[in-house]
Amino acid sequence: SPPHGKTVGKKPLREQMREFEAFLKEFEVFSNRFTYHCSVWRELSFALRRVVEWDSTLLTAACLVGLTVVVGFFHEFILPLGVLLLLCVAAWYHPVSRDVRANLRLRRQQRHLPYDARLRSSGQEGPDLCLGADDAHDGAAAGPGQEDPQHPAPPPPLERFENERRLMLGRFTSQRLRRLWDPPPWCDGEGRRVEAPKQVEDGVPYVWHVEVSRSTDSDGWQYARNFGRAAAWSNTFNHQLFVRRRRHVG
């Protein structure tokens, strides 16, 4: 290596290293954007294929009628309408709009659930009609908000989600997570940032383990193209999946 303070070429070595690091950061941002847009255009190509191959007769006929009307009567507006259509498609497939649609679908499903099922999904419990007289007397003696000293309540279970992302030809790591698009490296079930699992949480000892089931691989990971409520998680990895998560339960 050259001595301290010497130059390699026309620029000092430190300045060349700084420029190289800045180039790597810009290339990483570009590769993330390129990967995201490739996945969006791939989904659009599948939708166009369904229209062209007449998978839905009504949808294909509507597209043909709309295209005929635009070309025949509004030919001077074809370019701005095409740009507007592309903008609408980009906004439709944006992660924020996907989350909004997922929340709306979840609300519609909850409206059709029975009353007891809605209580369970919201974390509430209705009155237990199966309690005997002794159980009711013990509950009344303990009082609301008070613990029975003979039967202390167990500590509530905790969960942590570990999130990672990869580049097209890279490995999974939490350092690749997008700051504004992806969840933090460790989050709870609502996506809020939390700390990594600890043996003691709020003075209560916990034993943590990775949840492994049929919906995960042998290490507990689930894979998807992107994060979000509308993400389709898989228990197997392929080259078209760029994010993964696993659940730690304590």
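**Reading surface, rings and salt bridges**

Q: How does M168 count when its relative accessibility is considered?
A: M168 counts as partly exposed, because its relative accessibility is 41%, and a value is called partly exposed when it falls between the limits of 20% for buried and 50% for exposed. This is a predicted model, and in it M168 sits in the loop between β3 (159-165) and β4 (186-187).

Q: Which residues form the nonpolar patch on the surface with M168?
A: The patch consists of F20, F23, L24, F27, F30, F34, M168 and L169, which together have about 900 Å² of accessible area.

Q: Where do positive charges gather on the surface, and which residues make up that patch?
A: A patch of positive charge on the surface is formed by R105, R107, R108 and R111. Taking one of them, R107 belongs to helix α4 (residues 95-111), and R107 is exposed, because its relative accessible area of 55% lies over the 50% limit.

Q: What describes a pair of aromatic rings?
A: In general, such a pair is described by how far apart the centres are and by the angle of the planes. The whole structure holds 8 aromatic pairs. One of them joins F227 and W233, with 5.9 Å centre to centre and 55 degrees between the planes, a tilted arrangement. F227 is buried, with a relative accessible area of 12%, whereas W233 is partly exposed at 23% relative accessibility. Elsewhere, F172, Y223 and F237 make up one aromatic cluster.

Q: What does the salt bridge between E164 and R244 tie together?
A: The side chains of E164 and R244 meet in a salt bridge of 2.7 Å, N to O. E164 lies in strand β3 and R244 in strand β9, so this pair ties together parts that are 80 residues apart in sequence. E164 is buried, with a relative accessible area of 12%, and R244 is buried, with 15%. Salt bridges with shared partners also join E159, E211 and R247 into one network.

Methods
Residues numbered from 1 in each chain as written. Predicted model: local features only at pLDDT ≥ 70, side-chain atom pairs only at ≥ 80, totals over all residues. Heavy atoms only, no water. Patch = residues over 30% accessible without salt bridge, like charges linked within 9 Å, V, L, I, M, F, W, Y side chains within 5 Å. Areas by Shrake-Rupley, 256 points an atom, 1.4 Å probe, with all protein chains shown as cover. Salt bridge = Lys/Arg side-chain N within 4 Å of Asp/Glu carboxyl O. Lys, Arg positive; Asp, Glu negative; His and termini not counted. Charge placed at Lys NZ, Arg CZ, Asp CG, Glu CD. Helix = DSSP H or I, 4+ residues; strand = E, 2+ residues; numbered from the N terminus. Buried < 20%, exposed > 50% of the residue type's maximum accessible area, 1.4 Å probe, protein only. Phe/Tyr/Trp six-rings, centres within 6.5 Å; stacked < 30°, edge-to-face > 60°.
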